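The report below describes how the parts of one chain meet, with the cut-offs given alongside the terms.

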Amino acid sequence: MKIQEWDSEFFGARIGRAEHEPIIGDERVDCAWLLIPATDYEAIHTEEEFGAEFMDFRVEYARETGPEVGIARPITDHDVDDLAAIARTAFRGLTRFYADRRLPDERCDDLYEGWFRENAADPNVEVLMVGDGGGPAGFVTVKMVPGPEASDVPASIVLIAVAEHARGRGLGENLTRAAVNLAHHAGFPRISVVTQGCNIPSQRAFQAAGFRIESSSVWLHNWYA
Ligand SMILES: CC(C)(COP(=O)(O)OP(=O)(O)OC[C@H]1O[C@@H](n2cnc3c(N)ncnc32)[C@H](O)[C@@H]1OP(=O)(O)O)[C@@H](O)C(=O)NCCC(=O)NCCS
């Protein structure tokens with residue numbers, strides 16, 4: 001189990017994370033976050049027997065990059081506060097952090113606002129946005145870690161959100177296409193994105209922009225304390 005220093009500090013509890021290894025209690029942590037392939041029923045049921053609770057069905061999508069038309073522009077410093085406000089509320093009720101009753105919703109809001117702000121300040125992340133006449137309406141953040149070969153690590157969409165009033169008009173698909181285009185021009189042959197199995201709008205936006213599912217897993221949280 002890997003101790004999650006940042007998350008422990010942020011949520012005020014000792015949190016550990018494990019992948020592909022069965023964890024039956026660990027006195028170093030108050031809570032274990034477990035990511036298990038969705039096909040591994042054996043491991044899922046073992047964790048459930050020891051008190052782990054289902055939080056999220058995680059799905060990963062990917063596609064080859066290529067030239068795409070997506071209407072979006074890079075953000076400026078002036079856009080950050082408005083877009084951070086969209087990030088603060090956009091993920092409510094969708095992700096494993098909100099699903100976990102032990103993590104206060106307000107703190108989850110802080111998480112997504114802070115995550116967006118960190119992305120906006122990260123030299124390895126590009127942020128694109130769209131407006132709808134009334135101001136910033138949505139954004140996508142794209143992580144592109146430079147390496148000797150861009151193909152070493154695919155580009156990835158980290159966060160994407162459209163303000164509630166502007167949804168269902170194609171902005172999400174547009175932002176997704178713009179992210180693909182950006183990664184292509186930066187020399188990345190592939191791009192991936194992770195979302196929640198329950199998140200039909202995001203999956204439809206990614207599918208419409210040519211992404212195909214690559215893997216599925218289950219997030220379980222087990223609070224020992
Ligand atoms: C995901 C999100 C960015 C999509 O933005 P959007 O501008 O509404 O997306 P689009 O208008 O391009 O629609 C994308 C697809 O979702 C469908 N859709 C939109 N809202 C929907 C809803 N409430 N229920 C079901 N389908 C919906 C659209 O019909 C479209 O599918 P189609 O191409 O088959 O018609 C937006 O819903 C959002 O910000 N959600 C909250 C944050 C989030 O979930 N981010 C992704 C998590 S990783």
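Into which domains is the chain divided? The chain splits into domain 1 (2-58) and domain 2 (62-216), with bounds that come from an automatic or database domain assignment. The model is predicted, so that local features need pLDDT of at least 70 and side-chain atom pairs count only at pLDDT 80 or more, while totals for chains, interfaces and linings use all residues. Residues are numbered from 1 along each chain as its sequence is written, and side-chain values use heavy atoms, with hydrogens and water left out.

The C-alpha centres of the two domains are 25 Å apart, and their contact (heavy atoms within 4.5 Å) takes 11 residues from domain 1 and 16 residues from domain 2.

| Quantity between domain 1 and domain 2 | Value |
|---|---|
| Buried area | about 1400 Å² |
| Salt bridges | 1 salt bridge |
| Polar contacts (both at pLDDT 80 or more) | 4 residue pairs |

Buried area is the accessible area (1.4 Å probe) that two parts lose on being put together, summed over both; here 60% of it lies on carbon and sulfur atoms. F10, F11 and R58 supply 42% of the area that domain 1 buries against domain 2, more than any other three residues.

A salt bridge requires a side-chain nitrogen of Lys or Arg within 4 Å of a carboxyl oxygen of Asp or Glu, and E53 forms one with R101, their closest N and O atoms being 2.8 Å apart. A polar contact is a pair of N or O atoms within 3.5 Å; within protein, one must be able to donate a hydrogen and the other to accept it, and residues adjacent in sequence count only if both atoms are side-chain atoms.
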